[in-house]
Amino acid sequence: MAFSGTAPNGQPYSDKSKITAGLLQIFLGGLGIGRFYTGHTGMAVAQLLTCGGLGFWSLIDGILFLTSNDRTDKQGRVLRG
């Protein structure tokens with residue numbers, strides 16, 4: 001599904017996918033890979049150092065990536081669906 005135009009926040013949609021980010025976060029969230037993918041390096045390093053909050057943080061974060069429509073990349077652009 002291709003998105004064109006602007007997201008509800010007025011910016012163009014991100015070139016990053018929320019599905020990719022969510023799956024990376026669920027399966028490799030202990031290493032912060034989903035957050036590295038979206039450009040949130042500070043959060044990714046925190047997840048890396050805590051093993052994804054012992055798995056809970058990364059799992060919840062991954063589910064939120066998949067179900068939420070307002071997750072953004074580093075530039076504040078909404079992830080495409």
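**Helix packing and rings**

Tutor: The crossing of α1 and α5 is left-handed, meaning that the near helix is turned anticlockwise from the far one by less than a right angle. Helices are DSSP runs of H or I, at least four residues, numbered from the N terminus. The model is predicted: local features need pLDDT of at least 70, side-chain atom pairs 80 or more, while totals for chains, interfaces and linings use all residues. Residues are numbered from 1 along each chain, and side-chain values use heavy atoms, without hydrogens or water.

Student: At roughly what angle do the axes of α1 and α5 cross?

Tutor: Axes are lines fitted to C-alpha atoms over the stretch in contact, with angles from 0 to 180 degrees between N-to-C directions. Those of α1 (residues 18-28) and α5 (residues 56-67) come within 8 Å, crossing at roughly 165°.

Student: Over which ring does the charged end of Arg 71 sit?

Tutor: The criterion is CZ of Arg within 6 Å of the ring centre and within 35 degrees of the ring normal. At 4.7 Å from the centre, the ring is that of Phe 65.

How values were computed. Helices (H or I, at least four residues) and strands (E, at least two) are DSSP runs, numbered from the N terminus.
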